[in-house]
Amino acid sequence: MKLLQVWRPHRLLRCSIGLSLLFGISAIATSCTIADSQNSRQVGTTSATSAEITQRLRVVVIPAQSQEEQEKKLQPLAEYLEKILKMPVNFQTTKDYDTAVELLAKEEADMAYLGALTYIKARNLNPHIQPLVIPINQSTGRPWYNSVIVANTAKGIKSLKDLQGKRFAFVSPSSTSGFLLPMIALQSQGIYPKRDFTKIRYAGSHDKVEQELTNDLVDAIADDKAAFLRSQQSGKLPASKYKIIWESDPIPSPPIVINDKKLSPKLIKQLQQALIDAPVGTLDVMGTQSAGYTLAKDADFEQVRQIYTRLQSVKVAEK
């Protein structure tokens, strides 16, 4: 991945970047500003009129971390948005990734914190689903993150080839960093999980997939790099034992998406501005410290969409 232009996030500064994934470079022009992101709580009900709008904003969140952790982190954001929008804002952490997609596609939610892949799946089901903003990672100053494969080095794993005959855990079949990108990497090395892994697990969230590794239920996992580094720094995954053996090209940060049929243009603009003006240094849905938000558009996720189209027919069952 080559960066076409250096990202210099600054409040109310507009800038352009180029993102490349596994299949080439896609230049994306985005307006960027400094704002905030966070994570989960419980849902309500909303219904928009064609003019003014909703009595309640319903927001669903994929289970990137434990429900308790996400709810704790999202509560300040809910209170902040309620104050700005002057309406109740209710967050729900769903039991799995696909439930978040389903609630949004069926218009039982108005806004969602999703990953790139879950956004693509939701938009395939409902064309009114649109990306609103994506968070800027505070440590990199860029609106992207990386997928990694982490292995227990005590199992003699130093490269992807060494995963043959080992036990492996993904996050979810709908996870961008916890399934989609690792799968394309494994296939590029001639590794096919159903054939080459002795055990396959889907943990359901990034913290749970790490637990599978530390509990010695598997030998390697697919994970989000920022989540792994946090666990490494906390001592949960000590560097002496657990190593990154593969890292993806940058992936667009998990977007906040809305249903533009359910929300009025006025409310959509209010939401964007509220997020742009939100306190810096809060946590995004993945638990990464955020330096704000940049506006997002569907084209930003085209490379992920191409990878998903390639792998859409690939089904990897637990064993």
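Reply: Start with one term. Buried means under 20% relative accessible area, exposed means over 50%, and partly exposed is in between (1.4 Å probe, protein chains only). This is a predicted model, where local features need pLDDT of at least 70 and side-chain atom pairs count only at pLDDT 80 or more, while totals for chains, interfaces and linings use all residues. Residues are numbered from 1 along each chain as its sequence is written, and side-chain values use heavy atoms, with hydrogens and water left out.

Me: OK. What share of the protein chain is buried?
Reply: Buried residues are 58% of the 319 in the protein chain.

Me: And how many helices and strands does the chain have?
Reply: Nine helices and 15 strands. Both are DSSP runs, numbered from the N terminus: helices are H or I with at least four residues, strands are E with at least two.

Me: Which residues touch the most others in the largest nonpolar core?
Reply: Leu114, Leu160, Leu163 and Phe170 do, in a core of 61 residues. Such a core is a set of buried Ala, Val, Leu, Ile, Met, Phe, Trp, Tyr and Cys residues joined through side-chain atoms within 4.5 Å. Helix H4 (residues 176-188) gives the most to this core, seven residues. Apart from it lies another core of 26 residues, including Val61 and Leu74.

Me: Switching to sheets. What does strand S9 pair with?
Reply: S9 (residues 167-170) runs parallel to S10 (residues 199-202), over four bridges. S9 also runs parallel to S11 (residues 220-224), with two bridges. Two strands pair if DSSP finds at least two bridges between them.

Me: Which residues stand opposite Ala169?
Reply: Arg201 in S10, and Ile221 in S11.

Me: What order do the strands of the sheet come in?
Reply: S10-S9-S11-S8-S12, an open sheet of five strands with mixed pairing. S10 and S12 (242-247) are at the edges with a single partner strand each, so one side of each has no neighbour in the sheet.

Me: Which helix lies across these strands?
Reply: Helix H6 (residues 206-214) lies across S8, S9, S10, S11 and S12, at about 155° to S11. Axes are lines fitted to C-alpha atoms, for helices over the stretch in contact, and angles run from 0 to 180 degrees between N-to-C directions.

Definitions and conventions
Contact means heavy atoms within 4.5 Å.
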